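Hello,

Here is the structure I promised to pass on to you. Please open it and keep it beside you while you read my notes below.

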Amino acid sequence: TKRLGSEHSTRAQDAGLAAALAIDGEYSRGEVLAALAPQLSGEALDRGLGAVLEIEEEGWRVPVLAAFAPHLADSMLEQGLAAALAIRTDWLRAKVLAALAPQLTGAAMERGLAAALAIKDDSSRARLLAVLALHLAGNARTQALRWGLEAALAVAFEGSRAEALVA
């Protein structure tokens, strides 16, 4: 029965993914892919990620990539990180990097930190550094929090500064 359950799950994943991929509009396809992300695994997750990365409109790709982020590991995590780093808009890049943060370790975390420090928007940089700091320890955590505080204090608009400080 366990084998049947696994086969049934694979067929269901394949059917759901095929239905999503058959949708012509990128926005609607992305919404369905984002909803499917927690249900996908293995090859279906890899194919789903490939479909996400093919979404041309950055603003539509970002929330879908963020939905896939918690489910990525190994080479798919590397693909997700590379896609996040290629996002041109600071706050959108920060959103995906924040979603990837729990999976980032070692060199991947270093790349995430470097990307956070390169974000020009103080508020987005502060928020991302706060999220990354949650997944760091010791001096690295202290330094990320210090950088985040500096960025938050540099936010010009008082309301946005308060939001960044709370992050």
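Let me start with a question: which residues does Glu58 touch, not counting residues up to four places away in sequence? They are Ala86, Ile87, Arg88, Thr89 and Leu92. Do keep in mind that this is a predicted model. You will find Glu58 in helix H4. Its relative accessible area is 6%, so Glu58 counts as buried, because buried means under 20%.

Next, the core. In general, nonpolar side chains tend to be buried together in soluble globular proteins. Here the largest nonpolar core has 43 residues. Those with the most contacts inside this core are Leu33, Phe68, Leu100, Leu104 and Leu132. Two or more residues come from each of these elements: helix H1 (2-21), helix H2 (26-36), helix H3 (42-53), helix H4 (58-68), helix H5 (74-85), helix H6 (90-100), helix H7 (106-118) and helix H8 (122-133).

Finally, the aromatic rings. Searching the whole structure turns up 1 aromatic pair. Tyr27 and Trp60 make up this edge-to-face pair, at 5.7 Å centre to centre and with 65 degrees between the planes. Tyr27 belongs to helix H2 and Trp60 to helix H4, 33 residues apart, so the pair links distant parts of the chain.

Happy exploring!

Conventions. Residues are numbered from 1 along each chain as its sequence is written. This is a predicted model: local features need pLDDT of at least 70, side-chain atom pairs count only at pLDDT 80 or more; totals for chains, interfaces and linings use all residues. Side-chain values use heavy atoms; hydrogens and water are left out. A nonpolar core is a set of buried Ala, Val, Leu, Ile, Met, Phe, Trp, Tyr and Cys residues joined through side-chain atoms within 4.5 Å. Buried means under 20% relative accessible area, exposed over 50%, partly exposed in between (1.4 Å probe, protein chains only). Helices (H or I, at least four residues) and strands (E, at least two) are DSSP runs, numbered from the N terminus. Rings of Phe, Tyr and Trp (its six-membered ring) pair if their centres lie within 6.5 Å; planes under 30 degrees apart count as stacked, over 60 as edge-to-face and the rest as tilted. Contact means heavy atoms within 4.5 Å.
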